[in-house]
Structure formats: C-alpha cells, structure tokens
Amino acid sequence: MTHEVNFDGLVGPTHNYAALAVGNLASAASGLTVSNPREAALQGLAKMKFMMDMGLKQGVLVPQERPHVPTLRQMGFGGKDEEVLARAQRESPLVLRACCSASAMWAANAATVSPSADSEDGRVHFTAANLATQLHRSLEGPFTWRLLQKLFPNLNHFAHHEPIPCNTQTCDEGAANHMRLAASHGEKGMEIFVFGRSALSPGPAPSRFQARQSLEASQSIARLHLLDPKRTMFLQQNPMAIDAGVFHNDVVAVANENVLFYHASAYVQDISEKDLPAGVHVIKVKEEEVPLADAIRSYLFNSQLVTLPGGGMVLICPTECEEIASTREYLKTIPTSTSPIHSCHFMDVRQSMKNGGGPACLRLRVVLSDEQIANLHPRALLTATLYDQLVQWVHHHYRDKLHPDDLGDPKLLEETRAALDDLSNILQLGSIYDFQKR
C-alpha cells in the first residue's frame with residue numbers, strides 16, 4: 001500500500017502579524033495587528049485531527065526556534081540574549097520581526113518532495129527550500145533540512161538534499177510551487193514545477209511584486225531528485241497573477257492523483273491535455289466563474305485536495321470560501337461534476353488565513369509506502385493520544401494575544417524556549433534546537 005501523508009507545521013508560539021511577506025495581500029492587510037497564537041495552533045491541530053479522523057495518515061512538523069537569537073547575533077546585536085532582543089527592537093524592529101516569524105508553520109514551503117515511484121534510485125527525495133526572496137523565510141532552510149533527516153532517517157528509503165544555493169538566481173519556495181499527477185499515489189507520475197521567472201533567460205515578468213521561484217531552482221531540484229525528463233514539466237506563472245497577489249502557485253492551483261484544479265489566469269502558457277498523463281481530469285475555473293481576486297481572497301485553490309481511503313476525493317476548504325459568493329456558488333457545482341471530487345469540507349484556519357496561508361499552506365505532502373512509513377521517526381505521525389498531548393501543550397505554553405511590539409519581551413523568549421524544549425521531549429526529537437545545545 002502507498003499513502004499520501006500530510007505533514008502539517010505546528011503553529012509556533014510567536015505567531016504574529018508583522019506584514020513581512022511582500023506580495024502577500026492578506027499578510028499586508030493584517031500587518032501590525034494583534035494575533036492569537038494559542039487559537040492559531042489549536043486551529044491547525046483541529047485540521048490535522050480532522051484529516052486523521054477521515055482515515056488519512058497525518059504527520060507533524062515542529063515549529064522553528066523563534067526568536068532566533070543566533071541570527072540576531074550574526075547581524076551585529078551583542079550582549080546577553082535579553083540584551084540582544086532589546087537592542088534589536090530599539091535599533092531595527094523589522095529585523096527583530098523577521099527573526100521572530102512563525103512562518104515555518106506553512107509547511108508547503110518547507111521542501112520539495114518526490115516519491116520513490118518517480119525517482120531513478122527508488123528513494124523518496126527531499127530538498128529543503130532556501131526561500132531566498134524573504135529574509136524571515138530564508139532563515140528556515142538549515143533547520144528544515146535537519147528536521148527532515150530526523151523524521152525520515154533511513155537513507156535506504158530517503159534521500160536528503162540541502163537547500164540549493166541561496167541567491168537571487170536560484171530562489172526556491174518548495175512544494176508551494178510543485179504539483180504531481182499520477183493514476184494513483186503509488187504509480188509513476190508527472191511532476192510539475194511552477195516558476196515565476198528565469199534568471200538566465202528573462203521573459204515576461206511581474207511589475208508590482210517579485211516572482212519568487214526561479215526556473216533554475218526548479219530545474220536543479222528535478223536533477224537532484226533523479227526525475228525522468230519525459231515526465232517532468234515546467235510551467236511559468238502568469239505575471240499578471242503574481243501582481244494580483246498570487247505569490248505561490250498553490251494560491252491558484254492544486255493537483256491530486258489524476259485531478260488538476262486551477263484558475264484560468266494561473267499560467268503564461270495554456271495547459272494542453274496532450275502534454276499530461278492519460279486519464280487526467282482537468283478542471284479549469286474561468287474568470288467569469290470565480291474572479292481571480294475572489295480566488296485570492298478565499299484561497300479556493302489553497303484547499304487540500306485529498307483521496308479518501310475508501311476512494312473518491314474531497315476538498316478541504318477554508319471557511320472563507322463559504323463567505324464569498326462566487327466561490328460558494330462554484331463549490332456547489334463540484335459534487336455534481338464529472339470529476340472524482342465528490343464533496344467539500346470547510347475548516348476554520350482564520351489565524352493562518354489572516355497572515356496569508358490557507359489549509360494547503362499548512363501541509364507538506366509526502367507519498368510513502370507501508371515500508372517507508374515503518375521507517376519514519378517513531379513519533380512522526382499524529383495519533384489520538386499525541387493529539388491530546390499537543391492540545392494540552394498549546395494551552396500550557398501559548399499566549400492568546402501577541403502584537404509585533406511584544407517580540408522584544410524577554411519573557412516571550414523564555415516562554416518559547418520552554419515550549420519547544422517540552423515539545424522536543426514529547427516528540428522524542430532530542431536536542432534539536434540551537435538553544436538546547438549550549
């Protein structure tokens with residue numbers, strides 16, 4: 001048996017609205033308002049439990065260490081840890097906010113993953129994303145690489161690649177710009193890499209916001225993962241869509257097994273069914289059905305599209321899709337269409353949505369066989385018992401209010417370190433964080 005396992009990022013204790021993500025309209029709109037880290041983490045856990053209760057296998061990715069004092073020290077802020085925070089808040093609050101961001105919660109950006117069915121050596125390949133275009137996200141790659149090695153330790157089954165060189169020519173945003181089509185999860189498929197620009201062959205480009213994914217990064221990952229060039233496709237994002245707020249492909253498209261669901265404004269080139277594997281159901285949503293602006297506001301295409309154990313697919317949509325007329329009416333047509341999608345469920349992840357991340361942003365998809373699952377870290381997958389432990393952990397450690405101005409509070413540093421220390425014990429990860437190695 002082969003399964004798609006969704007590894008969701010646990011929302012970290014410093015979840016806040018600092019408006020760091022240029023080009024992310026929801027993030028900008030919520031900037032410098034009060035967040036609720038406790039509610040955010042509980043909403044994420046509730047979504048994980050919902051998936052598990054449907055019979056799907058669900059994994060957990062831990063938050064990264066924030067505030068990240070080592071980075072602040074690299075940037076010239078010295079003294080004791082609390083003095084580092086105070087000086088950074090006084091002299092460069094934007095840098096402090098970047099070093100406190102809980103953005104690793106959006107695990108779709110953690111890495112690009114190719115299943116063993118697609119790779120030449122028959123292993124699952126992981127390349128941690130470098131996230132080079134945004135300071136707060138560029139800090140994540142090294143820890144992500146270490147964490148994935150901890151969770152997927154057996155090198156007979158898993159291959160781990162460090163983030164590719166972190167620069168403007170090889171910007172990589174992970175699985176948020178990657179899709180896969182196959183008759184079933186366990187069969188050989190076609191991997192689709194979506195890029196915003198080519199660093200070496202300039203072409204159409206956005207004028208308002210930066211294109212985050214480079215073609216050169218996508219091509220590098222395809223080579224690292226030992227993919228068949230005949231089953232690899234590279235699509236360019238529509239610059240107009242990027243300027244409208246489509247900072248990642250997963251804002252306008254989602255694929256699952258033999259279904260490709262996307263907005264008509266997503267790409268520069270038309271997608272021809274002759275270029276896709278046989279039997280693929282292409283669902284192209286027209287502008288008159290769902291305007292691009294509504295797709296971005298609702299995160300319709302950032303829904304999780306999953307196959308149930310008993311067959312058939314469901315969409316896990318944010319509740320915002322019910323509140324916007326065009327998406328609400330469009331989703332009514334889904335169960336009656338000829339596609340394999342037979343139902344929609346709505347999840348409240350508003351704390352994440354206010355920062356620009358929907359249900360699909362919160363998860364990294366990993367296709368695994370039963371044997372590969374048996375070789376995971378023993379506490380990598382969510383169980384009912386672990387869910388209860390994590391809910392209690394959140395209630396014990398998380399604040400229910402946090403403003404970006406609070407990030408220099410030395411008590412917050414103490415609280416987050418205590419929380420992460422406790423979590424690493426719950427998940428049996430050992431001393432995985434920098435502060436634990438002192």
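**Salt bridges, a helix, a pocket and a hairpin**

Analyst: Glu329 and Lys332 lie three residues apart in helix H12 (residues 325–333), so they are separated by about one helical turn. The model is a predicted one.

User: How far apart are the closest N and O atoms of Glu329 and Lys332?

Analyst: An α-helix has 3.6 residues a turn, so residues three or four places apart point the same way. Glu329 is partly exposed at 42% relative accessibility, and Lys332 is exposed at 53%. The two form a salt bridge, and the distance between their closest N and O atoms is 3.0 Å.

User: How many residues apart in sequence are the parts tied together by Arg212 and Glu173?

Analyst: Arg212 forms a salt bridge with Glu173, with 3.7 Å between the closest N and O atoms. Arg212 lies in the loop between E7 and H8, while Glu173 lies in the loop between strand E5 (158–161) and strand E6 (178–181), so the parts that the pair ties together are apart in sequence by 39 residues.

User: Is Glu173 buried or exposed?

Analyst: Buried means under 20% relative accessible area. Its salt-bridge partner Arg212 has a relative accessible area of 3% and is buried. Glu173 has 1% relative accessibility, so Glu173 counts as buried.

User: Which residue meets Asp409 in a salt bridge?

Analyst: Asp409 is partly exposed, with a relative accessible area of 25%. The N to O distance in the salt bridge is 3.1 Å. Asp409 and its partner are ten residues apart, both in the loop between helix H15 (384–397) and helix H16 (410–426). The partner is Arg399.

User: How many salt bridges does a search of the whole structure find?

Analyst: Some salt bridges share partners, and in this way Glu320, Glu323, Asp348 and Arg350 are joined into one network. For the whole structure, the search gives a total of 21.

User: Why is helix H8 described as largely enclosed by the rest of the structure?

Analyst: The buried residues of H8 are Leu215, Glu216, Ala217, Ser218, Ser220, Ile221 and Ala222. They pack against strand E3 (111–114), strand E4 (124–128), strand E7 (190–195) and strand E8 (232–236). H8 (residues 215–224) is largely enclosed because the number of its ten residues that are buried is seven.

User: Which residue just after H8 takes a positive phi?

Analyst: The phi in question is about 55 degrees. The residue that takes this value, just after H8, is Leu226.

User: Which strand gives the most residues to the lining of the largest pocket?

Analyst: The largest pocket holds about 310 Å³ of space. It is lined by 16 residues, of which Thr2, His3, His185, Thr307 and Pro309 are the closest to its centre. Strand E1 (2–9) and strand E12 (304–307) are the elements that give two or more residues to the lining. The strand that gives the most, with four residues, is E1.

User: How many residues of that lining are charged?

Analyst: The lining of the largest pocket includes five nonpolar residues and eight polar ones. The number of charged residues is three.

User: How far apart in space are Asn6 and Lys57, C-alpha to C-alpha?

Analyst: Asn6 lies in strand E1 and is buried, with a relative accessible area of 1%. Leaving aside neighbours within four places in sequence, its contacts are Met51, Lys57, Gln58, Gly59, Gln304, Val306, Arg363, Leu364 and Arg365. Asn6 and Lys57 are 51 residues apart in sequence, but their C-alpha to C-alpha distance in space is 6.9 Å.

User: What is the bridge partner of Val254 in E10?

Analyst: Both faces of strand E9 (residues 253–256) are covered, with Ala253 and Ala255 buried on one side and Val254 and Asn256 buried on the other. E9 runs antiparallel to strand E10 (residues 259–263), and four bridges join them. Within E10, the partner of Val254 is Phe261.

User: Which residue takes a positive phi in the hairpin of E9 and E10?

Analyst: The hairpin has two residues between the strands. The positive phi is near 45 degrees, and the residue that takes it is Glu257.

User: What is the relative accessible area of Ser265?

Analyst: Ser265 is placed in the loop between E10 and strand E11 (281–285). Beyond its neighbours within four places in sequence, Ser265 is in contact with Asn238, Met240, Ala241, Glu287 and Leu292. Ser265 is buried, and its relative accessible area is 11%.

Methods
Residues numbered from 1 in each chain as written. Predicted model: local features only at pLDDT ≥ 70, side-chain atom pairs only at ≥ 80, totals over all residues. Heavy atoms only, no water. Buried < 20%, exposed > 50% of the residue type's maximum accessible area, 1.4 Å probe, protein only. Contact = heavy atoms within 4.5 Å. Salt bridge = Lys/Arg side-chain N within 4 Å of Asp/Glu carboxyl O. 1 Å grid on protein atoms, 1.4 Å probe; cavity = no way out; pocket = protein on both sides within 12 Å on 5 of 7 lines; lining within 4 Å. Points joined across faces, edges and corners; volume = space filled by probe spheres on them. Nonpolar A, V, L, I, M, F, W, Y, C, P; charged D, E, K, R; others polar. Pairing = 2+ DSSP bridges.
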